[in-house]
Amino acid sequence: MAITLTANGYQINSGPIITANATRVNTYECGVNSTRQNPSQTSANTVEDMWQAVTNFNKKTSTSGIVIEGNTVGMDAYSHPYGGTMVRARHSDGTWYAKQAGSVYFGQDDGEQVILWHFTSFFTGAELGNKTGDFDIFWSHLAGNNQGGDEPWEQEWNWNSNEDSRAQQQGSHTAVYEIEP
Amino acid sequence: MAQLTGTSLVYGSGASQTAGGGKVISYGYGEYNTRTSLPNSNNYIFWDAATINRKNAGSDFHVVALMPGHDWNSFPYGGCFVEMKDSSGSKYRSYYGASYLCCGEGGGQEITFKVDWTFRDSAISNNTGNWTVHFGYQSINGTNNRWCNIWNPSGSDDGRGYQKSSTCFVEEIIYG
């Protein structure tokens, strides 16, 4: 029983010969926010970054992509259907990358009720300029016609018993994976 | 010939590797598709959803789940939770990352309960072995509630409906 170097790779006991790095998930980080707050509406022509969910996510290889998924919870519909939500990634060189695909929110125009803003999306390596290094991840929004005055919910993000006396403190979550294609 | 050179493994192709192993090292999955009436209750667990065998004492758990309901009862409420239990029986609960939405049209409509949460290693024990995932509800003021009247609706709730099912996926992850 042994770990053996072979002509092109290695073999553990009698298992298959491994000839390349088999890792598919290089990096994983998550972001959490459970503070009740009322984010700002957008100003005209300016993307509003509601939440910097993950800071300095270190992308290891130029070929990898980034999967971003998560859920934020708010209270009371305001801009709907809107369609201006997006996820943004900012490289440490200052370049921004934005994607609307995979960003949806669900609400009801019925007063003080729950709104869920959900994200499942993927930036390919090419879409991120095949860069390595640190990225910051943001939940952001701006209307497609660049008008201001929008927001995904009118009242509180991460609402609590101030909104419903039965409620536990609510919280939001973001998961980020670096994936090899 | 592949070579070990100091801190690198160099493959026959010339590619080198300086760090080993993936980040996702274990999975668990649960599914439940029985139409169920939920009780008006407090601190109530309605689903023991999945088991995962934890390999590493310093790992995190990322839990993702979708659960369909029918016919609103308590809303907005805000008492739903996701809970994990370790191999010794200790429990770790999060009300964060566990939310549901009612159709605003009225009662007798669809409800969706969505969970997305990471239990960081610092928030749980370092026990390895089998951990289980659970979902439930508890108000902060002690009142009895429920997030829907019917969990996993079927053709009994809408003649057009298939039997709906709840799903839970949990992964063990090495952070960073």
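User: Is B:R120 buried, exposed or partly exposed?
Analyst: B:R120 counts as partly exposed, because its relative accessibility is 25%. The classes are buried under 20% relative accessible area, exposed over 50%, and partly exposed in between, with a 1.4 Å probe and protein chains only.

User: What kind of model is this, and how is it numbered?
Analyst: This is a predicted model: local features need pLDDT of at least 70, side-chain atom pairs count only at pLDDT 80 or more, and totals for chains, interfaces and linings use all residues. Residues are numbered from 1 along each chain as its sequence is written, chains are lettered from A and ligands numbered from 1 in the order in which they are written, and side-chain values use heavy atoms, with hydrogens and water left out.

User: Back to B:R120. Which side chain meets it in a salt bridge?
Analyst: B:D121, at 3.5 Å from N to O. A salt bridge here is a side-chain nitrogen of Lys or Arg within 4 Å of a carboxyl oxygen of Asp or Glu. B:D121 is also partly exposed, because its relative accessibility is 29%.

User: Which residues are joined into one network by shared partners?
Analyst: A:R36, A:E156 and A:E163.

User: How many salt bridges are there over all chains?
Analyst: Twelve. One of them joins A:K131 and A:D93, with the closest N and O atoms 2.8 Å apart. That pair links distant parts of the chain, 38 residues apart. A:K131 sits in the loop between β10 (114–123) and β11 (133–141) of chain A, and A:D93 in the loop between β7 (85–91) and β8 (96–99) of chain A. Strands are DSSP runs (E, at least two residues), numbered from the N terminus.

User: Buried or exposed, that A:K131?
Analyst: A:K131 counts as buried, because its relative accessibility is 18%. A:D93 is partly exposed at 46%.

User: What does A:K99 pair with?
Analyst: A:E127, in a salt bridge with the closest N and O atoms 2.8 Å apart. A:K99 lies in strand β8 of chain A and A:E127 in the loop between β10 and β11 of chain A, 28 residues apart. A:K99 is buried, with a relative accessible area of 15%, while A:E127 is partly exposed at 38%.

User: Switching to the interface. How many residues does each chain put into the contact?
Analyst: Chain B gives 47 residues and chain A gives 47 residues. Contact means heavy atoms within 4.5 Å.

User: What area is buried there?
Analyst: About 3,700 Å², with carbon and sulfur atoms giving 58%. Buried area is the accessible area (1.4 Å probe) that two parts lose on being put together, summed over both.

User: How many salt bridges cross it?
Analyst: The rule finds zero between chain B and chain A.

User: Which strand of chain B gives the most to the side that touches chain A?
Analyst: β10(B), with five residues.

User: Now the sheets. How covered is β12 of chain A?
Analyst: Mostly covered: seven of the eight residues in β12 (172–179) of chain A are buried.

User: Which way does β4 of chain A run against β12(A)?
Analyst: Antiparallel, with eight bridges joining β4 (25–33) of chain A to β12(A). Two strands pair if DSSP finds at least two bridges between them. A:E29 stands opposite A:V176 in β12(A).

User: And how does β6 of chain A pair with β12(A)?
Analyst: Antiparallel, over seven bridges, from residues 65–75. A:I68 stands opposite A:V176.

Methods
Helices (H or I, at least four residues) and strands (E, at least two) are DSSP runs, numbered from the N terminus.
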